[in-house]
Amino acid sequence: KRVGVFATRSPFRPNSMGLSCVKLEVVEDSKNGKVLVVSGGDLADNTPIYDIKPYLPYVDSIPEASGGFSEEHKNDFLDVEIQDRLKDSLTEQQIENITELLSLDPRPSYQNDEDRIYGLAFEDMQIKFKYQAEKIIVCDIIRG
């Protein structure tokens, strides 16, 4: 199953939360739902854990750990098409950066509407794009 960049452990996230590598010991049922018991975190006592991301063998080096679903999808990238009229206002480096960023599919994983226009802030621009036919198409770039 494809997931967006915000559903992964990408270090390029719009928040200042720290990342710790922990071991999932067990998943327990409780009256409030599932409880994940982890060990090995470099956290102070009572530090809340807001989000758990998969272990990525190519990011962390823990030889005995397994990568789970992340290994199957580590090379999943989307093709990105930027219309020529939009490329004229960009540097080569900006084109490369926008293409790389959008190839990671920043849409929420539950969104698959080919008519929807998505937006992404990048540098001083709002990048407007849509997902059609298994690729990302940049529709507009708004400066400022």
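Glutamate 114 is partly exposed, with a relative accessible area of 37%. In this predicted model, Glu114 belongs to a negative surface patch.

**Negative patch**
- The patch is made up of Asp113, Glu114, Asp115 and Glu134.
- Glutamate 114 sits in the loop between α3 (92–103) and β4 (118–122).

**Aromatic pair**
- Searching the whole structure gives 1 aromatic pair.
- The partners are tyrosine 118 and phenylalanine 129, whose rings are stacked, at 5.5 Å centre to centre and with 25° between the planes.
- The pair connects distant parts of the chain: tyrosine 118 lies in strand β4 and phenylalanine 129 in strand β5 (residues 125–132), 11 residues apart.
- The pair counts as stacked because planes under 30 degrees apart fall in that class.
- Tyrosine 118 is buried, at a relative accessible area of 6%.
- Phenylalanine 129 is buried as well, with a value of 2% for relative accessible area.

**Nonpolar patch**
- Leu24, Val27, Leu36, Leu43, Ile49 and Ile52 make a nonpolar patch on the surface.
- Together these residues have about 510 Å² of accessible area.
- Leucine 43, one of the patch residues, is located in the loop between β2 (33–39) and α1 (69–72).
- The relative accessible area of leucine 43 is 37%, and the residue is partly exposed.

Conventions. Residues numbered from 1 in each chain as written. Predicted model: local features only at pLDDT ≥ 70, side-chain atom pairs only at ≥ 80, totals over all residues. Heavy atoms only, no water. Patch = residues over 30% accessible without salt bridge, like charges linked within 9 Å, V, L, I, M, F, W, Y side chains within 5 Å. Areas by Shrake-Rupley, 256 points an atom, 1.4 Å probe, with all protein chains shown as cover. Salt bridge = Lys/Arg side-chain N within 4 Å of Asp/Glu carboxyl O. Lys, Arg positive; Asp, Glu negative; His and termini not counted. Charge placed at Lys NZ, Arg CZ, Asp CG, Glu CD. Helix = DSSP H or I, 4+ residues; strand = E, 2+ residues; numbered from the N terminus. Buried < 20%, exposed > 50% of the residue type's maximum accessible area, 1.4 Å probe, protein only. Phe/Tyr/Trp six-rings, centres within 6.5 Å; stacked < 30°, edge-to-face > 60°.
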